[in-house]
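Take a look at the model below.

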Amino acid sequence: MFGMSELNPYLGVLLLGVAAAGFLVTMVFLAIFLGPKNPTKTKQMPWECGGIPVGSVREQRFPVRFYLVAMLFILFDIEVIFMYPWAVVLEQMGTFALWSMLSFMGVLVVGFIYVWQKGVLNWNE
């Protein structure tokens with residue numbers, strides 16, 4: 001059905017998938033066989049920098065600022081990820097792609113300056 005020349009480009013992806021699945025299965029079995037066999041209340045407690053946990057996690061509330069910073073991190077992180085494929089094919093795309101990315105980065109900088117001036121990144125307030 002498939003000749004060796006047709007399958008060759010996908011052989012690396014297939015081997016990577018097999019290696020990842022093998023690693024996954026190995027780690028699950030090691031966790032089962034080498035994991036804790038005698039769970040006690042002390043062993044099951046969450047570790048908080050060497051101290052005894054205070055209160056319940058369900059009762060603690062994070063401030064809205066935490067969620068704002070988390071969303072901004074995801075936003076800017078995803079935007080930076082879009083720059084990698086652009087950089088790989090920049091020579092083939094020409095100067096239009098360069099000016100397009102510069103305008104895109106300009107919008108990101110304006111957004112970052114706006115967020116900074118609004119004080120979202122200032123934790124001392």
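What follows moves from the overall fold to single residues.

This is a predicted model, in which local features need pLDDT of at least 70 and side-chain atom pairs count only at pLDDT 80 or more, while totals for chains, interfaces and linings use all residues. Residues are numbered from 1 along each chain as its sequence is written, and side-chain values use heavy atoms, with hydrogens and water left out.

Start with confidence. pLDDT is the predictor's confidence in each residue, from 0 to 100. The protein has a mean pLDDT of 83. In 88% of its residues the value reaches 70 or more. Among the elements, helix 5 has the highest mean, at 90. Helix 2 (residues 41–44) has the lowest, at 76. Where pLDDT is low, the predicted coordinates should not be read in detail.

Now the fold. The protein has five helices and zero strands. From the N terminus on, its elements run α-α-α-α-α. Helices (H or I, at least four residues) and strands (E, at least two) are DSSP runs, numbered from the N terminus. Contact means heavy atoms within 4.5 Å. Among contacts between residues at least 6 apart in sequence, 55% join residues at least 24 apart.

How much of the protein is buried? Buried residues make up 9% of the 125 residues. Buried means under 20% relative accessible area, exposed over 50%, and partly exposed in between (1.4 Å probe, protein chains only). The protein exposes about 11400 Å². Carbon and sulfur atoms supply 73% of that area. Accessible areas come from the Shrake-Rupley method with a 1.4 Å probe; for residues, only the protein chains shown count as cover.

Turn to helix 3, residues 64–88. The expected span of a helix is 1.5 Å times one less than its number of residues.

Helix 5 has 24 residues. From its first C-alpha to its last it reaches 35 Å, close to the 34 Å expected. A97, M101, L108 and V115 are its buried residues. Their cover includes helix 3 and helix 4. Just after helix 5, G119 takes a positive phi of about 85 degrees.

Which residues form the largest nonpolar core? The five are M83, W86, A97, M101 and L108. Helix 3 and helix 5 are the elements that give two or more residues to this core. Helix 5 gives the most, with three. A nonpolar core is a set of buried Ala, Val, Leu, Ile, Met, Phe, Trp, Tyr and Cys residues joined through side-chain atoms within 4.5 Å. In soluble globular proteins, nonpolar side chains tend to be buried together. Look at M101 in particular. Leaving out residues up to four places away in sequence, M101 touches F82, M83 and W86.

Last, the rings. A search of the whole structure finds four aromatic pairs. Rings of Phe, Tyr and Trp (its six-membered ring) pair if their centres lie within 6.5 Å; planes under 30 degrees apart count as stacked, over 60 as edge-to-face and the rest as tilted. F66 and Y67 form an edge-to-face pair, 5.5 Å centre to centre with 80 degrees between the planes. F66 is partly exposed, because its relative accessibility is 37%. Y67 is partly exposed too, at 44%. F112 and W116 have ring centres 5.5 Å apart and planes at 65 degrees, so this pair is edge-to-face. Both lie in helix 5, four residues apart, about one turn of the helix. F112 is partly exposed at 34% relative accessibility. W116 counts as exposed, at 57%. Ring pairs link F76, F112 and W116 into a cluster.
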